Amino acid sequence: MKVRYRSRLAKLILPKRYTAITLGSRVFTPLASLSAGTLRHERAHVEQWKRHGIARFPLLYFWYHLRHGYERNPFEMEAHRRSRQPARRRPPAAATPVERRPRPNEERGRN
Ligand SMILES: [Zn+2]
């Protein structure tokens with residue numbers, strides 16, 4: 001994924017209330033920076049482009065947009081969900097091995 005900040009293309013084609021547009025694996029934004037949440041959102045769109053292909057994705061997206069509107073477009077719903085959930089590649093802190101060590105008063109070798 002490549003992000004083009006202060007993009008003239010984005011300034012031209014993007015309605016004011018949107019912060020970025022993803023075309024294939026490239027993200028265009030008129031802004032100088034994007035939040036981590038917005039980057040996760042746009043990364044979801046990059047994956048959708050890959051999943052459905054360059055010919056099919058824009059048509060599907062547009063079709064869903066007509067049928068459901070922006071907020072209920074399944075592609076946007078997936079991207080919004082992803083923007084709220086940082087990808088977890090490690091177990092949460094409470095499940096780290098340190099937490100599972102036996103306490104001093106526990107017998108060893110019984111778990
Ligand atoms: Zn989106």
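Which residue, just after α3, takes a positive phi, and of about what value?

Reply: Gly 69 does, with a phi of about 80°. The model is predicted: local features need pLDDT of at least 70 and side-chain atom pairs count only at pLDDT 80 or more, while totals for chains, interfaces and linings use all residues. Residues are numbered from 1 along each chain as its sequence is written.

Helix α2, residues 36-52, packs against α3 at an angle of about 115°, and the two axes are 8 Å apart. Axes here are lines fitted to C-alpha atoms, for helices over the stretch in contact, and angles run from 0 to 180 degrees between N-to-C directions. On the α2 side the contact is made by Gln 48, Trp 49 and His 52, and on the α3 side by Arg 56, Phe 57 and Leu 60; contact means C-beta atoms, placed from the backbone, within 7 Å. By class, this contact has 3 nonpolar, 2 polar and 1 charged residues (Ala, Val, Leu, Ile, Met, Phe, Trp, Tyr, Cys and Pro count as nonpolar, Asp, Glu, Lys and Arg as charged, and the others, Gly among them, as polar).

Conventions: Helices (H or I, at least four residues) and strands (E, at least two) are DSSP runs, numbered from the N terminus. Two residues are in contact if their C-beta atoms, placed from the backbone, lie within 7 Å.
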